Amino acid sequence: MSDHDVDDIAFLTGSPNESGFMVNKRAMYEPGAVMVCSQKRACCVVSMGFAAIIAVALIVAFTKPGCPEATYIGEPVPGFSSRPTHSPPTTPPTATNGEEFPWRDVRLPFHVRPLHYNITLHPNLTTRLVEGHVTIKLTAIEETTAIIIHGHDLNITNYSLNKKYGKPIEILKFLVYPPHQQLYLGLNEILRRGSNYTLKLGFRTSLKEGLEGFYLSSYISAEGERRYLATTHFEPTSARAAFPCFDEPHMKAQFFLSLVREPQHIALFNMPVQETLSLNDTGLVVDNFEESKTMSTYLVAFVVCDYKSVSNMTRHNIRLSVYAPPTMIGQAGYALQVASHIFDFYQDFFGVKYPLPKQDLIAIPDFGAGAMENWGLITYRETALMFDGNHTSSRAQQGVAVVIAHELAHQWFGNLVTMSWWSDLWLNEGFASFMENIGTKAAQPGWAMEEQFLVEKMQPALALDALLASHPISTPVRDPAQIESIFDTISYKKGASIISMLESFIGHKMLAEGLQLYLKENEFGNAATDDLWAALTKVTKKHNSELDIKGIMDTWTLQAGFPLVSVTLQDGRVSASQARFVVCEENVTDPNEPLNTTIGYRWHVPLTYITSEQPHEQAMYWMNLTDVEFEVGKDVKWVKFNVGQRGFFRVSYDAVGWAGLISLLRNNHTALSSADRANLVDDIFTLVNPFCTATQSWAGTINGSLALELSLYLKNETRYIPWHTALEHLFQWVQLLFNYPAHTQMMQYIHTLILPHYKRIGWNDTGTHLERLLRSKILLAAVHCGDTHAIQEAKRMFHEWRVNGTFIPPNLRAVVYCTGVRYGTEEDWRHCWKVYNSSTIPSEKKLMLMAMAKTQNPWLMQQFLEYTLDSNKIRHQDVLTVLQEVSKNPSGRLPAWRMVRQHWAQISQLFGQGSFTIGSIIKAVTSTFTSAFDLGEVESFFKDVSVGSGERALAQALETIRLNIQWHEHNLDDVSHWLDQHMTQAETQVEVDPQ
C-alpha cells in the first residue's frame, strides 16, 4: 500500500493524528458542543454546497454517454483485478473519423461478455475478397451504454444490436480506432446487468499474403500448376483480423461457422461438418459445421483447400486425420501413426476425456510458426508434419514427433484450460514443451527423450536466462507487440525446465495427479499460475507432504534469472551459497530489477548430489532462500551436485572440487551418467564468461584453460548428449576467436577430440537413433575442422549424387550437401536451387536452403539473400531460416546484416511489428558480432528504428555482442596460451579450412 493510500484512509478515519481538521471536525459533533456561525459564514457554506451539487451533476452528465467507470460487480475473472487498469495516452485517442475515441485502454472493458458466435464467411480464392457476417450473443456483466469489440483491417458494412425478442437498440455512434484495433458502438440506452443481447456485424476484408489472420497460401501441383488455399493463424491476437470479436483469451464462447466455397474445395473447421448445402444457381456450396465447445478466439481455425487426407480411429473412438497436398499425402503416414499413439497416451495420462469428436492435423505451405494448436484442427509447417523414411533424417523425424506431441498436449493444456491472460503464457507453452518429451517417449521409447530434454530445453533456457534482458516466466504484458515478445525461450523452455525440476522433487505420479486435478477443476475455463499451484498443493497434502508448492515455485516464476550455487568441500563438510547468475559487463545494473524480482533474487533450491562414496544414491538438501552447510563424510573425494541437471541452476565448484571431477572424467567418465557429464561441460564453459552476483558486484570467472582441461576427456566420450553440449560450446569459441590467431589452433584442438570418434563412427548410416544423431554431429564437425578425409568423402558423394543421381542416406545428407556447396562451383549451387524448387519433400527443401547458405561465392550469396524478398522464390516462412544459415557462414555475416539494414522497411512490413519473427531476425544477423565496431553499427541503426515485438530480442542481441567483446578481454590470452602449449605438444596432422 502506498503512502498516498495510507493518507487517504487516515483522512477518512481520523486516526493518525489528533490535531488540525480532524480534531475540529470531531469536536463539532461531540456531546455538548455548540456550533457558532455568523450570517456571512452561513451564506458562504450554502453557496459552496450548491456549487458542489452543480459540479457533480455536470460530471455525471458528461460521463454517462461514454464508457461507464462503474465498479465491476460481476463474477471475478481468474487472474485479474476487478477492472483493467488505464494507461491513458498523452493525447486523447482519435478515431478514423476524427472524433475522440472514448475508450483509452488497449484491453477491452468487462462490460459485456460473449456467449456465442454465429459466423458466415465467403472467401473468394480468385479475387481474394472475403464477405462475412457475424452474430454475437452476449450478456451484460455490468450496466453500460457502449460496446467495445476488436476488429483489425475490417470494413464494417452494417451493424445492429437487439435485445430480447428482437427489439432493436439504437446505435448512436460507431467508431474505429486502428492503433488498438478496436471498434466502439455507443448506444442510446443502458444494457442491463445479467440481460442477453444480440450484436450483428457485416464486414468485408481480403485474404492477406502474410502469415497471420485469415491469409492466402499456395502449393505447386504435380502438373506444375499453382493451387491456392485459405487458412488461418490467430494466436495471439489475429482472430480480430478475420471477424469482429472479443479477442482476449478469457472471453471464451461457442462458435458456429458457415463457410461458402467452390465444389472442388473442402472446408475444415474446429468441428466436423454438420451439413453441406448448394446455394441455388451460384455454383457454390456452404458447409455448416457443428457448434464448437467453449473456447478462446485465438483457437478458432478454418481452412479452404483441395487437400487429400488419411484417417483412423483412436482407441478412444476419436477420428484422427492428417491433411496434405496431393503431392505430399504419401508422407502423412508417420504423422498419423505417431499422433494416434500420443493421443491415446495423453487421454490416459491427463485423465480427462478429449471433448471433441475429431482431431485434424493439416500441413500448411506458408506458416510462420512450427505449428498451432487450434482445437480440433492443428495447423503445421510441412516440415513439422511430413516424413519420408527414404529421405528424411532421424533429426527431422524426431522434430515431427516432438511437434505433434507438443500440439496434442495443448488440446488439454491451453485449449481445455486456458491461461486467463497472456502474462501466464507459460501455462500453455511451458507445459506443452514439458509434455512433448513425455509424449514422444511414449511413441518412441528408444530415443532417450529424458536426456535430450537437457540439450533441447534446459541448457538453451539457462543460456538466455543468464542475460539481464531476460524476463520472469510470469511477466506483465498488455499490447500485441508485448504479447508476441514473450513467445520465447523463457516461456517455452524455462517453463518446461521448472516443471521438470518440480517433478524431480515431488515425483512423477504426484505431478500427474496434480495436473489431472488442475484440468478437472478448470475445464472449459481459464486459470492463472496460482490455480496450478493450488491443485498441486491439494495433491501433495493428500500424500502427507508439507511442501509449500506456491512458495517454492513463486521464486522461479516471479523473478528473472536463476541462482549460481557456489560449493566448497572441506573435511567432509559442504558449504553452499546462492546468488543470481548473470553474465554481464562490469558495473552494469539490471534495468528491469524493480519488475523482475519481488523476492530479492533468492530461490528455494532443491540441491541434489551424489558422492564418490555413494555414486548411485542421490541425496537432496533444500536451500530455502538461504545458504546452507551440511555433512557428506570425511572420506568423500568428490561431490557432483544437481544430479542429472534436473535443477534450473548452475553450480560452481572450488579449485579442489573441479580438480576432483576433472580427474574422474579423465579416468572413469562412466562413473557419472551422460546427463551429469553434459551438465559439467555446460556449467564450466558457461562459467568462463564474466558474471555478476545478484547485487551486480563483479564476481570474476573460471579460467578458460580449466574448461579446456575438462574437455580433454571427450576423446573417450561416446554418448550423444555430452557431445551435443560440448560441440555447442566449442564452436561458439571458434566463432569468438575468428579474427585471432588462436582460431586455427582451436579448430585443430577440436579436431584432436573428434578424430578417434570420426574413425569409429564412419559413413555408414546405421545404428540406434542416438547413434545416428551423433554421427551427423561428428561428421559435420570433422568437415568444419577441415578434416581432409571427411571433406573429400563428402565431395565425392555430392558429385555422384549430382551427376548420377546416386542415393545419399538421409542422415548423411546435411554434411554432404553443405560440403558440396561450400567447396563446389556455381553449377553445384544452381543444382541445389533446382532441387529446392522441384522437391516435394519438405525436409529436403529445408536442407537445400541450409546448403546454399554455405557458398563462398559472394555473388551467389547476395543473390540468395535477395531471393528472400521475392515470395515466388523463397516463401515468407523461410526468410528467417535463410538469414540464420547465411549468418552462420563467416562469409555471410556482413552481407546478411547489410541486407537486413537495406531492406528493413520491407522486412518490417512483411512480418509486422507484432510478429515474433522480427525479434528472431534481429538476433540471427547480429548475435555473432564480436567487435566494438559492429556493436556501434547495430546500436546506431536500431536507435531510430521501431522494432515492435522485437524490442526485447534487440536488447538481448546487444547484450550478447557486448559479452562477446568482454569474453575476449578476459579469456583471449589464457585460452590462446593453453592452445599454444597444448597443440605444440600434441601430434596432429590436419589441414584446417580457414573458413
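Predicted model: local features only at pLDDT ≥ 70, side-chain atom pairs only at ≥ 80, totals over all residues.
1. Helix α4 covers residues 333–350. Its 18 residues should span 26 Å at 1.5 Å a residue, and the end C-alpha atoms are 26 Å apart, so the two agree. Gly351 follows α4, with a positive phi near 65 degrees.

2. Strand β26 (residues 604–611) is largely enclosed by the rest of the structure, because 8 of its 8 residues are buried. His604, Pro606, Thr608 and Ile610 point one way. Val605, Leu607, Tyr609 and Thr611 point the other way.

3. β26 has two antiparallel partners to check. Strand β27 (residues 619–624) is joined to β26 by 6 bridges. Strand β29 (residues 639–641) pairs with β26 over 3 bridges. Tyr609 stands opposite Ala619 in β27 and opposite Phe641 in β29.

4. The whole structure holds 54 aromatic pairs. Tyr159 and Phe174 are stacked, because their ring centres are 4.6 Å apart and their planes lie at 15 degrees. This pair links strand β4, which holds Tyr159, to strand β6, which holds Phe174. Tyr159 is partly exposed, at 36% relative accessibility.

5. Trp833 and Tyr836 also stack, with centres 5.5 Å apart and planes at 25 degrees. Both lie in helix α22 (residues 826–838), about one turn apart. Trp833 is buried at 14%, and Tyr836 is buried at 4%. Lys845 lies over the face of Tyr836, 4.5 Å from the ring centre.

6. Ring pairs also build a cluster, whose members include Phe343, Phe350, Trp412 and Trp533. Elsewhere, the charged end of Arg107 sits over the Trp421 ring, 3.6 Å from its centre.

Notes
Residues numbered from 1 in each chain as written. Heavy atoms only, no water. Helix = DSSP H or I, 4+ residues; strand = E, 2+ residues; numbered from the N terminus. Expected span 1.5 Å × (residues − 1). Buried < 20%, exposed > 50% of the residue type's maximum accessible area, 1.4 Å probe, protein only. Pairing = 2+ DSSP bridges. Phe/Tyr/Trp six-rings, centres within 6.5 Å; stacked < 30°, edge-to-face > 60°. Lys NZ or Arg CZ within 6 Å of the ring centre and 35° of its normal.
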